[in-house]
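Thanks for coming, everyone. Let me put the structure up, and then we will walk through it together.

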Amino acid sequence: MLKFVFKRLLLFVPTVLAISIVTFVLIQLPPGDYISVYALQLESSGQEASEQLLSALRQRYGLDQPIYVQYFKWMGNILLHGDFGHSMQWNRPVGDLIWERIGWTFTISIATLIFTWIVAFPIGVYSATHQYSFLDYLFSFIGFVGQGIPDFLLALVLMWIGYSTFGLEVGGLFSEAYRNAAWSWNKFVDLLRHLWVPVIVLGISGTAALIRTMRANLLDELRKPYVVTARAKGMKEWQLIWKYPVRVALNPFVSSMAYVLPGLVSGTTIISVVLSLPTTGPMQIRSLMSQDMYLAGSFFLLLSSLTVLGTLISDMLLAWVDPRIRLE
Amino acid sequence: MSITTPRPAPTVAPDKPQARKDLQGERLYTASQWRLMWWRFQQHKLAVVSIVILLIAYLIALFCEFVAPYDPNRFSPRWVLAPPMRLHFIDAEGQFHLRPFVYGYKSSRNPETLAMVVVPDETLAFPIKFFVRGDPYEMWGRFATDRHLVGIEPGAASRDQMLFLLGADEMGRDLLSRILYGARISLSIGLGGVFLSLILGIILGGISGYVGGTADIIIQRIIEFLRSLPAIPLWLTLGAALPPSWPPLRIYFGITIILSLIGWTGLARVVRGRFMALREEDFILAARLANASRMRIILRHMVPSFTSHLIASLTLSVPAMILSETSLSFLGLGLQPPIVSWGVLLQGAQNLRAVVLAPWLLLPGLFVVIVVLAFNFAGDGLRDAADPYAI
């Protein structure tokens, strides 16, 4: 087990390094830089953007240096000082901006992950043990539709239904009264009343996928001879199913961590814009559009590294749950 | 897969109950692989229906100038946010008409909010007609005509009346026409992206699976790396990298390339898996012993054996492309107006206020859902049919 963990950790470092290089190339791809965007803004508001001012700004942010120097400076500061650079648009350190918001991204993602498991697990088992029953068909149908709807569209429809039939303003995470209030029980309840929309919207496609894998895996297991043997020996059906086949079919739940979590983090980006949630998504999109490169780059770097980390954790969990993988 | 038919399969298409009965008979053993697949595919009713829906959707996309009642850019300030028109069969006198008709619109002021609203005008009834004359267009830039599939013929007195079967947008443009034109962009971008992914996937997956060794390890690492990048932030970053000064057509191709940049990894895995499995088959060994060249083995013996699997995975990867384009354009990082795509149309429904005021602006989303579901079901059916020898 230790050797396995060590091997995976060893692979983790070069991957993240490669990601950081790709990130830096990506954020340099758009023509021009933040200063040229800033000059355009100045001009459109009627102010003169002198060459002198622009080159002074470029010098201040180090944009006049060769690209590899910029990269090493940026990475060096991240690794040595935990400093992600300076956001030119907000005129604040990138780190502060991100930490303010990334907590909400993770709250929503993890709440969705828990929702997905709680819903998908019993339904998957039921669908497999009651194959071709009415509820099985119903869940499959909901699952298919859930996978076909783009999540921002689902968010819009839920918002519209909530508003037109219940008179609810479902956007945001808090009502007006609690937005700036200190934490209290009432504020928490208020949060829960708003949280369900993004959780359902984000969770539905993951839930559908998980139900399908759980159902397929369990169906494969149920046909195996050991199940027949246990049944022939007179074991209670309920006990039999939960004790053996379900445990074997549980693997996809663990490995789903690897793709569900990053998928959720990605997914929140889009629906946060629609539901005006205080997550990293809207800020990330704005920083991309205004070429605020350190902010945009740090977002991408963090999200990608977390994805790789998620895969790593799920691999380890999988190895812990299933000895066959460990021994390979 | 390597089963050869002793005699050609019957060319007469069997009628359905006959076909099922024959599945147990001798014809099952003499049928060609593709015929077996067709039989298997027919059993998946939902997939057959989905294929028909997709065919219709692509036909509409192909002939959208003719099918759409109006030019997508024709705007009229009088009909801003006009609601969808209702089709009537019974007129005000209670008389029944076999040909449905719609009431014209008039602008009036809401007595409470004093805002201008568009309401039906029951004094104006226009029957729905086929092949009416309307906005002139050039079919595929060649045939100039002004015939449209459906429309109304307002008289000289009410020249500015329009047919709004799905309502109008915030500039008084016909939403139905815009959705039909949007189908051309949204549906083709999915196919284009998948086609590019297919080329990359077959080349790299093929090398990886057939050559093996170091090449396989390198390509596998690249695929793993690309897959570890979160898709949506990557698309957003790349989408933002497209210069806004580009002409619309180049942006369109740029988006297609961006979408296929990640899409190919999935296909490469499928191709690699099939290659690895097929490499060990007896008929490949036989071909190698018969001194067939490597290219011949790949193209003549291996590719035909996994075409069916490939088609199924292709069908299943189109909807992901369509959804990505829609999301990107919705956020304003993909296609931009004046291009009309479903994602661009949904930009109009970006906030709650717009949706509450004009819920029909969400309708392009319905078309996205229908097409995506149809692709999913069709792909499901094709995947089952791809291996007709399985039980």
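Start with one residue: leaving aside its neighbours within four places in sequence, which residues is Leu156(A) in contact with? They are Val274(A), Ala349(B), Val355(B) and Leu362(B). Contact here means that two C-beta atoms, placed from the backbone, lie within 7 Å.

Now some ground rules. This is a predicted model, where local features need pLDDT of at least 70, side-chain atom pairs count only at pLDDT 80 or more, and totals for chains, interfaces and linings use all residues. Residues are numbered from 1 along each chain as its sequence is written, while chains are lettered from A and ligands numbered from 1 in the order in which they are written.

Next, chain A as a whole. Chain A has 15 helices and two strands. Those are DSSP runs, numbered from the N terminus: H or I of at least four residues for helices, E of at least two for strands. Its C-alpha atoms fill a box of roughly 90 × 55 × 35 Å along the principal axes. Of the 328 residues in chain A, 34% are buried. Buried means 20 or more other C-beta atoms within 10 Å of the residue's own, exposed means 12 or fewer, and partly exposed is in between, with C-beta atoms placed from the backbone. Take the chain A contacts between residues at least 6 apart in sequence: 73% join residues at least 24 apart.

How confident is the predictor? Chain A averages a pLDDT of 79, and 92% of the residues score at least 70. That score is the predictor's confidence in each residue, from 0 to 100.

On to where the chains meet. The contact takes 41 residues from chain A and 30 residues from chain B. On the chain A side, elements giving two or more residues include helix 1 (2-28), helix 6 and helix 7 (151-166). That side divides into 30 nonpolar, eleven polar and no charged residues. For those classes, Ala, Val, Leu, Ile, Met, Phe, Trp, Tyr, Cys and Pro are nonpolar, Asp, Glu, Lys and Arg are charged, and the others, Gly among them, are polar.

Why is Val145(A) partly exposed? Because it has 16 other C-beta atoms within 10 Å.

Last stop, the core. The largest nonpolar core has 143 residues, and among those touching the most other members are Phe152(A), Leu156(A) and Phe164(B). Such a core is a set of buried Ala, Val, Leu, Ile, Met, Phe, Trp, Tyr and Cys residues joined through C-beta atoms within 7 Å. Domain 1 (75-172) and domain 2 (190-340) of chain B both give residues to this core, so it lies between them. The domain bounds come from an automatic or database domain assignment. The centres of those two domains are 45 Å apart, over C-alpha atoms.
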